[in-house]
Amino acid sequence: MKTGRQAKKMMQNVQLAPESNEDDLYSGFNDYNPMFDTEDLENDVAFQQAAKTSHGRRPPSKTTLTSSMGRPMTGTIQDGVSRPMTAVQAAGYTKAAVRGSSFDPLGQARGPASPLEKKTSDSLEEKMRQLEKKVNELVEESCVANSCGDLKLALEKAKEAGRQERELLRQREQIAPPESINLDLTYTVLLNLAGQYVANEMYAEALTTYQVIVKNKMFSNGGILKVNMGNIYLKQRNYSKAIKFYRMALDQITSSHKQMRIKIMENIGVAFIKTGQYVDAISSFEEIMNISPNLKAGFNLILCYFAIGNGEQMKKAFKNLIEVPLEVDYEDKYISLNDDLHTNLLIEAIKNDSLSQIERERKSLAEEYIMTAAKLIAPAIETSFAVGYDWCVDAVKASHYVELANDLEINKATTYLRQQNFNQALETLKMFEKKDSRVKSAAATNLSFLYYLGNELEQATNYADLAVNSDRYNPAALTNKGNTVFANGDCEKAAEFYKEALRNDSLCTEALYNLGLAYKKLNRIDEALDCFLKLHAILPNSAQVLYQLASIYQIMEDPNQAIEWLLQLISVVPTDPHVLAKLGNLYDTEGDKSQAFHYYCESYRYFPSNIEVIEWLGAYYIDTQFCEKAIEYFERAALILPTQVKWQLMVASCYRRSGNYQKALEKYKVIHRKFPENVECLRFLVRLCTDMGLKEVQEYITKLKKAEKLKEIREQRIKSGREGSARSRKEGTSDSGGTKGERLSAKLKALPGTSEPYESSSSKEIDASYADPLGPQPERPKTAARKRMEEDDFADEELGEDLLPE
């Protein structure tokens, strides 16, 4: 407690402002707080007690002292919390006025901190930063859309990025000097926009955008984009401008960018080839081969020398091509030399990794270049193809591509086959019978194929066995072996060989197709359908596969599915008349006459010699009471098969049905002169002459009676011949009792409308029997597609393996 003396002294020092001076601006500056008076501290009991003892153990005072400024005094208690003695309060050590408060050094009792205030985006600099971020996002979205194949969206995003970037440029120019402009962002936006124009084949806009970049001197690397402009001109076939821009780009690229310069020189060489300037192209490719030889430049150089006919330079360029380093490891590194499990696992892991795949692709590309170059120059470098090819083989044997020599020899045999020199092909392939197993298997496979084509099944079987024994994992050899077994009638065993070929190579389409045919032959329809569906997944546009699927569904009596597959087939081969006719037949079976008529007409348009189609169209017009139109089709049928009386009788019947009796009579007389023993023709002549009151009726009646007697005699002979042939079949003989050329019997459908006056009163079927004076009839022509699709047997186009070794 403060003493009364001290309180009295404090009251004496308090000065009250006079009421008359309320607006004094300088009042209060001379006020003095007695708490800062140090002269009486010795007499201050409270201060002395605090100095002798700890302030923390000091009993709390119930009196709160306040300074003249309204601030709580040090050590006083306000709102239940003691104000510390110091100006800076230590974290977590505030003395609470209420005893028993929990220790909370981290201040967790105060709850979570208030959220941070969001930064205001009212400033122009912040707006420009956000706009720049948006431009970058638009460029990224454009690139992503391009990579996903959505070229239209990619172009829209690129255009939007260009608009936003120009807006950003305008705002930045208002507040900052030109040096602060983000040139990298501008370059990125323009380059992306030009690339999207090219992707959308908007070449004029792309060239304009590239020109903006190239002409701007502030872009240090803009000159290199002239390569892109040259590429656009090359796509537009403006080769002179393409060469000009390639050379301009080449001048601006330093020698340190070696690979870039070589690629530009390759483009210049290709452009010269396109324009026919082979000498200039040779200069470009020779410079590349001197600086950094590669396979593509070497091959193009051979093409140029071949174009100008320089044989010696072709040889030199071929040697340079096979000397190009391949830069791949050999297969020996994948062969394990010990039984170490860790090593074997490592080898298996790297055998099919991405690097190994790149090496195999590079090696395959090199082999393709060398093989193609050898086939190209072989006839041109020497006096004959054989001598030139032997020179190429010797050159390859002396290089590090020695394994290609055998493949070149087999390719030589293939070339002989294309030249239809089968003897030379056989001799060349027989040279490999004593080679190593892989080459021997490939040669034997091709020999088996050749003998199979020649229908020499015994030799084909022998070489198929040799191929399989030399390399049991050769799918082509197993397929050819299955073909020979199938040709001998053992479909079950053939299917086993095809399945083994598929186990070795699941993508062997020949084996899968033949397996489907074998199952179809064995009447295992579900398994055949499964094979052809798998094959359709591999070869979606194969006409043969689509036809087989339609055929199988027709066998399964599912015409709707058969029609669906045939519709897919005509989208692949829209002009195949047999497929169109088959589709018309299915629609006719389903009762859809209009669709059937459409497809039969299309079939007739592409192949107007198909008798089945002609007959259907003629019958359709008769059914629809358009007999005059039917005459056209039956006359064509009579022209195709002049020895068959059926079609000429149909023409005469159409004239009769249309009411043109005079024309019908004349036609029947023509038929009678060609086929004087035809009974039906004589019957119609008798009826017409009787109804028209002609005098010739008695003559035709006499001839009719003679023809009927001859017909009875023939029928007896035919009957006795059939009985004799039946007896001979029982005895094991193969005598059929007659040939097709000796006699032909045709059945004609009765025409509708029997109430007409000149309809025959005989049975609905007209028996048109006659002797064939010209001998056997030739088979009517068929298209190659029809023959192939009608035959389920193994034609060479269906089952023959590719002559190139696998």
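E680 is buried, with a relative accessible area of 2% (buried means under 20%, exposed over 50% and partly exposed in between, with a 1.4 Å probe and protein chains only). The structure is a predicted model, in which local features need pLDDT of at least 70, side-chain atom pairs count only at pLDDT 80 or more, and totals for chains, interfaces and linings use all residues. Residues are numbered from 1 along each chain as its sequence is written, and side-chain values use heavy atoms, with hydrogens and water left out.

**Salt bridges**

- Side chains of opposite charge can pair when their charged atoms come close.
- The whole structure holds 19 salt bridges (a side-chain nitrogen of Lys or Arg within 4 Å of a carboxyl oxygen of Asp or Glu).
- E680 pairs with R683, and their closest N and O atoms are 2.7 Å apart.
- These two residues, E680 and R683, lie 3 residues apart in helix α32 (residues 679–692), so about one helical turn separates them.
- Helices (H or I, at least four residues) and strands (E, at least two) are DSSP runs, numbered from the N terminus.
- E527 and R524 form another salt bridge, at 2.7 Å from N to O.
- Both partners are partly exposed: E527 has a relative accessible area of 33%, and R524 has 25%.
- A network of salt bridges links E492, R524 and E527.
- D588 and K593 also meet in a salt bridge, at 2.6 Å from N to O, and K593 is partly exposed at 42%.

**Helix α8**

- Helix α8 (residues 239–252) has 14 residues, which at 1.5 Å a residue should span 20 Å, and its end C-alpha atoms are 20 Å apart, in agreement.
- The expected span of a helix is 1.5 Å times one less than its number of residues.
- Its buried residues are Y239, A242, I243, F245, Y246, A249 and L250.
- Among the elements that cover these buried residues of α8 are α6 (203–215), α7 (226–235) and α9 (258–275).

**Confidence**

- The protein has an average pLDDT of 77, and 73% of the residues score at least 70 (pLDDT is the predictor's confidence in each residue, from 0 to 100).
- Confidence is highest in helix α22 (residues 509–521), at 94, and lowest in strand β4 (residues 766–771), at a mean of 30.
- Residues 1–22 have pLDDT below 50, and this stretch has 6 contacts in the model beyond near neighbours in sequence (a contact means heavy atoms within 4.5 Å).
- Residues 61–70 stay under 50 in pLDDT, with 12 contacts beyond four places in sequence.
- Where pLDDT is low, the predicted coordinates should not be read in detail.
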